[in-house]
Structures are given as structure tokens and as C-alpha cells.
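Let's take a look at one helix and the aromatic rings around it. Have the structure open while you read.

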Amino acid sequence: MAAWTWRFEKADGTEVQPAVQPEEFTTQGDAESWVGEYWKALSDGGADQVTLFEDTSKIYGPMSLHADTADTADTADTAEEPQA
């Protein structure tokens, strides 16, 4: 049976210990659901990104744990400017 695991990293790819200890997941969906639930705590705890593995094979990543709020704020500011 395959084990799905996450690698937790700083932005430069250095591995870090997660703020929330994950289990080994039996499906990709379970692993993705878990990171979806805990991404904020992981980010607050010092992880910038995650990479998903099935046993020793990299499936995808690194995937950022930071919410992309800069673009939203810029868009909101621009939309609210009065037009000449």
C-alpha cells in the first residue's frame, strides 16, 4: 500500500518541521484534504511551501502555503479609485 506524505519547506527549499504533525495518508485525497485543513497553522508555524510524495516519488510541489492577498488588495484599490 502506498503512503502519501508531505515535505514541509521554507521558501528556499530547506526542510522544516511542521507546526502540526501529519500522519501517513493512504490516499492522495486524504493528504490533500489534510493540508487544506491545516495550511494556515503550517504557514504560521514557519513552513512556506509543501511538496507531496507517494512513497519516495514526488507527485507535485512545491506548493505555496501563503494566501495570495496582494493581488486582491491591488485590484480592490484600483476598483475603488474615482474616475475622472
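## Rings and a bent helix

Both F8 and W34 are buried. Keep in mind that this is a predicted model. The two residues form an aromatic pair that is edge-to-face, and this pair ties together distant parts of the chain: F8 sits in strand β1 and W34 in helix α1, 26 residues apart. W34 also pairs with Y38, this time in a tilted arrangement. Here's how the two pairs look in numbers; in general, a ring pair is described by the distance of the centres and the angle of the planes.

| Pair | Centre to centre | Angle between planes | Type |
|---|---|---|---|
| F8 and W34 | 6.2 Å | 70 degrees | edge-to-face |
| W34 and Y38 | 5.1 Å | 40 degrees | tilted |

Why are W34 and Y38 about one helical turn apart? Because they are four residues apart in helix α1.

Searching the whole structure turns up four aromatic pairs, and ring pairs join F8, F25, W34 and Y38 into a cluster.

Now for the helix itself. With 17 residues (28-44) at 1.5 Å a residue, α1 should span 24 Å, and its end C-alpha atoms are 24 Å apart, so the two agree. Still, α1 bends by about 60 degrees at Y38. The buried residues of α1 are A31, W34, V35, L42 and S43, and they pack against β1 (4-9), β2 (49-54) and β3 (57-64). After α1 comes G46, with a positive phi near 115 degrees.

Notes. Residues are numbered from 1 along each chain as its sequence is written. This is a predicted model: local features need pLDDT of at least 70, side-chain atom pairs count only at pLDDT 80 or more; totals for chains, interfaces and linings use all residues. Side-chain values use heavy atoms; hydrogens and water are left out. Helices (H or I, at least four residues) and strands (E, at least two) are DSSP runs, numbered from the N terminus. The expected span of a helix is 1.5 Å times one less than its number of residues. The bend at a residue is the angle between axes fitted to the seven residues ending there and the seven starting there. Buried means under 20% relative accessible area, exposed over 50%, partly exposed in between (1.4 Å probe, protein chains only). Contact means heavy atoms within 4.5 Å. Rings of Phe, Tyr and Trp (its six-membered ring) pair if their centres lie within 6.5 Å; planes under 30 degrees apart count as stacked, over 60 as edge-to-face and the rest as tilted.
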